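Hi,

Here is the structure we talked about. Please open it and keep it beside you while you read the notes below.

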Amino acid sequence: MKDYVINVEHVDKVYKLYDSNKARVADTLGLTRKKNYKEHYALKDMSFTVERGECVGLIGTNGSGKSTILKIITGVLSQTAGEVTVNGRISALLELGAGFNMEYTGIENIYLNGTMLGYSKEEIDEKLDDILSFADIGDFVFQPVKTYSSGMFVRLAFAVAINIDPEILIVDEALSVGDVFFQAKCYKKFEEFKEAGKTILFVSHDLGAISKYCDKAILINKGNKVAEGTPKDMIDIYKKILVGQEPVLRSKVDMAGDVSADISQPQEKDGESWKSHFQINPNVNEYGDGRASIVDFAVLDDSGNFTNAIMKGSTFTVKSKVHFNTDIENPIFTLTFKTLKGIDVTGTNTMYEKCDVGLCKAGEEYVASFTQQMDMQGGEYLMSISCTGFDGEDFVAYNRLYDVINITVVSTKNTVGYYDMNSKVSVQKVN
């Protein structure tokens, strides 16, 4: 028999959206019978279960309802309809500031949080050294938390959350604030929790962490549960949603009798541009002399689907379509990836690859396709493309799109630096 610690059944969360404060007050005081608001469903008919000892990840785009369902489970919000059952003591790390008094010192907030979770002063005293050691913020623990940086704040909040011996740990994206060393420390604690048979439910945009640590993932979109299953399967569906290819769901019953989701890929519409499947950087740096124009581009995974989320180790293709406004001899198509801090990681172009294009005449269009294996470390990157060339001895940029879209690399194994050496490693006993 399955041991459920969290059971969410047909939960709705509806917000009333008013056109004015006057309408809000009138409705609150019951001064009108007219419905003067619109209903917004943050969650609609949400149902899922979490078994004891599972590590479950919630994924979805911003505004999909992930944080809302966590707040309902933890009691911060009340649902409009449906039932939520929790069997076990919860420790929750929600958005920055939740459960902390900004005027109190770090020490005072430790005792405040512990008391709220039902611990006595003596029990918190016993855990204090472990909390302070994990947080590692030094004498700042005696200062008001309103003076903390976001990184210091999340260190203390997470240290409290995981050291008060919860049965269920709920985390909402907070780990993205800490530095990489602290994140590694937290994920090590996740593994210890799993080994101890405890339950973890967390929201993260780090698809690599979802893939590595979770037993299953639940995909939410626009307040609806799209599907649940293995992290890999859910990430594959999520990648399509990220580029606007919302799945068509059909219920089917598998051999075990469980209801799962059959995902049908929508057909591409005639005349639809490639780039319409991507969220373009509103601050893209575009320039050039106009002799050629990049009119379309795409990133495709190894199955030929539009996506900006690539699995590390898989093959992917970047395409750029260029319209030539004048005759140009041997134009150079380029591709570059950089970190969010602007550091170039890798790139190439048709000249480096010894792919001579020849004479491109005015009015013609050419598509350059760069196909390669994704060996960059898991994380977020910015992609740039361009069409350049030489006018005599002078280098010329015809059209450049710097940082045009972001690329998410999904990884279950990261090494040191930006690029994986793909080493073949063996260790042998010699005596």
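Predicted model: local features only at pLDDT ≥ 70, side-chain atom pairs only at ≥ 80, totals over all residues.

Helix α2 itself covers residues 66-74, and its buried residues are K66, T68, I69, L70, I72 and I73.

Next, the aromatic rings. There are 8 aromatic pairs. In one of them, the ring centres of F100 and F153 lie 5.0 Å apart with planes at 50°, so this pair is tilted. The two residues are 53 apart in the chain and link distant parts of it. F100 sits in the loop between β5 (90-93) and α3 (106-116), while F153 belongs to helix α5 (residues 150-163). F100 is buried at 11% relative accessible area. F153 is buried too, at 6%.

F134 and F158 also make a tilted pair, with centres 6.0 Å apart and planes at 35°. F134 is in helix α4 (residues 121-135) and F158 is in helix α5, 24 residues apart. Both are buried. Separately, F278, F297 and F306 form one aromatic cluster.

Now a lysine. Is K198 buried or exposed? K198 counts as buried, because its relative accessibility is 19% and the cut-off for buried is under 20%. K198 lies in the loop between α6 (180-195) and β7 (199-203). Its side chain reaches the backbone oxygen of P166 at 3.4 Å. Leaving out residues up to four places away in sequence, K198 touches G53, E54, D165, P166, E167 and F193.

Last, the surface. M351, Y352, F390 and F395 form a nonpolar patch there, with about 450 Å² of accessible area together. Y352 is in the loop between β18 (344-349) and β19 (359-360). Y352 counts as exposed, at 57% relative accessibility.

Best wishes

Definitions and conventions. Residues numbered from 1 in each chain as written. Heavy atoms only, no water. Patch = residues over 30% accessible without salt bridge, like charges linked within 9 Å, V, L, I, M, F, W, Y side chains within 5 Å. Areas by Shrake-Rupley, 256 points an atom, 1.4 Å probe, with all protein chains shown as cover. Salt bridge = Lys/Arg side-chain N within 4 Å of Asp/Glu carboxyl O. Helix = DSSP H or I, 4+ residues; strand = E, 2+ residues; numbered from the N terminus. Buried < 20%, exposed > 50% of the residue type's maximum accessible area, 1.4 Å probe, protein only. Polar contact = N/O pair within 3.5 Å; in protein donor to acceptor, adjacent residues only side chain to side chain. Contact = heavy atoms within 4.5 Å. Phe/Tyr/Trp six-rings, centres within 6.5 Å; stacked < 30°, edge-to-face > 60°.
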